[in-house]
Amino acid sequence: MSQLTGVNQLTDVSPGDWAYGALSDLITRYDCLKGYPNGTFRGNHALSRYEFAAGLNACMQTMERLIADTSAEFVRREDMETLNRIMAEFEAELAQLGTQVDNLESRTQFLEDNQFSTTTKLYGQVVMGLQGRFSNSVDYRNNTTGAVGSDRRTDTADPNDEISFGYNAQLTFLTQFAPGSYLLTGMQAGNLNTSVTDPADYGLVNNNFTRLGYESDTGNSVLLSDANFRQRVTDNLALIVGPAGVNAVNVFRGPSRVESAGFGPISRFAQRNPIIQLGGTSAGIGFDWQATPILSLQGVYSAAFANVASQGLLGKAYTVGLQALVTPTRNTDIALYFLNGQSGANQGFLNTFVGDEQVSSINGVDLETNAFGITANWAVNDAITLGGWIGWTTSHQLNFDGSAQTQNWMVSMQFPDLLGEGNLGAIFFGMPPRITESNMNINGQPLGNIPSFFTQGSTAFNGGRSDTAYHLEAFYRWRLSRHITITPGMMVVFNPGHNSSNDPVAIAALRTTFSF
């Protein structure tokens, strides 16, 4: 509840309402009326006697102060007589209210004396996943030559079609040193991994097309996921710096409200535009600047191996990014972003871990990648939100010739508070990252091209993927209580591995999230 300075601040009260004059007097004359945080009065809602007593008590205290002030001459006699009559009628409720206040003060004092810390708050989340893939197989010709898909026979069965059960646990400590000055420390442990390592041919084709958004395999060991300091420099500018948890995923403001592992989509692909994960970096510095009421800018520099002396914070493996987030209306968010990164460590990977993230198969290649993307969300009304994104990457080899381009897109329809407050239903459909062009080469010879390996068993041909994979996903997040949500969902990947000869992969999942 917040104090008002004028009846015009109440969005659901108009001058034509029969109670407008009375409300205006209570606000301007006696300053004892409060409204809801969203600026409404809710005059048509039922009011209990205890709620009325609370409002009456506020007016009593204000009028007692005005009476004690000898310079105050505008307390009307008829108002005092009315107030005395009401006080007599609500004597029992006012006495009960006083007792409740005393009890609350006692409980508050107990919590202050026994709290975990006066400066640190603890947040936690445990995600448990029960999931399984339906039987399927991929087109694979010869394990010796490595030619995938050339005979158009589906002969390698999915070895991971059993139902699995695992968890992902996260603990976060938020320490406040001063207003606008925070230290964020996070830890994570998990044992869920749906990737395929045996046989290698199936995993090679489909792994990055079927990953789940909540899986995390640390071997049940506790790892440091976040260690960064956040400082609000001015009312409009904040900085973040640290050795863990500083990257575009954490620094960019997401226009999508459903990105988290415990409360967002089932799949990794539907969480966010994969290009924002470019490089898989973690240590660095970033900023968030609210330039105007409708425009904010975020920027980040992040390194993948900042703790390794031979590569370091300013080494070859880094990502730098800039995002502009525009909110032209209350119901519309548009984010435009650009990222530049180098893979380092002699890799031909974008390290986004979704779709076609490997763009070169040449040993010892160093990549530089430019990525461009846009994400938009439009709340059509309180019950329907439309969203989507598109992303492009272009990568070239620093130590060889040639380049490769990828593209991905996603559209979504979300239903906030479906069948209850805090629930969410959603449908996602899109194309995972796909190599559209590739001409990687060494000394003018076409070598290292990923698409030709999967169609001709050789990397000595140029060109992009000949087929296209599509991702369809639906889920319903059901809020059982403040601390427990259950999310059943299902996803189907058509033409996985961007190969029309591969069987569709269907995955059913039941995710349970405990949070505090």
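User: How many bridges join E14 to strand E15, and in which direction do the two run?

Analyst: This is a predicted model, in which local features need pLDDT of at least 70 and side-chain atom pairs count only at pLDDT 80 or more, while totals for chains, interfaces and linings use all residues. Residues are numbered from 1 along each chain as its sequence is written, and side-chain values use heavy atoms, with hydrogens and water left out. E14 and strand E15 (residues 385-397) are joined by 13 bridges and run antiparallel. Two strands pair if DSSP finds at least two bridges between them, so E14 and E15 are paired, given their 13 bridges. Within this pairing, Ile374 has Ile390 of E15 as its bridge partner, and a hairpin of 5 residues connects E14 to E15.

User: What makes E13 a partner of E14?

Analyst: Strand E13 (residues 332-342) and strand E14 (residues 367-379) are antiparallel and share 11 bridges. Phe338 has Phe372 in E14 as its bridge partner. Strands (E, at least two residues) and helices (H or I, at least four) are DSSP runs, numbered from the N terminus.

User: Why is the contact between Arg133 and Asp158 called a salt bridge?

Analyst: A salt bridge requires a side-chain nitrogen of Lys or Arg within 4 Å of a carboxyl oxygen of Asp or Glu. For Arg133 and Asp158 the N to O distance is 2.8 Å, so the pair qualifies. Arg133 belongs to strand E3 (residues 120-133), whereas Asp158 lies in the loop between strand E5 (154-157) and strand E6 (164-178), 25 residues apart. By this rule the count comes to 5 salt bridges.

User: Why is Arg253 called partly exposed?

Analyst: Buried means under 20% relative accessible area, exposed over 50%, and partly exposed in between (1.4 Å probe, protein chains only). Arg253 has a relative accessible area of 32%, and is therefore partly exposed. Arg253 also forms a salt bridge with Asp288, with 2.9 Å between the closest N and O atoms.

User: Are Lys316 and Asp366 buried or exposed?

Analyst: Lys316 has 53% relative accessibility and so counts as exposed. Asp366 has 11%, and therefore counts as buried. Their side chains meet in a salt bridge at 3.7 Å, N to O. Lys316 lies in the loop between strand E11 (295-303) and strand E12 (318-329) and Asp366 in the loop between E13 and E14, so the pair ties together parts 50 residues apart in sequence.
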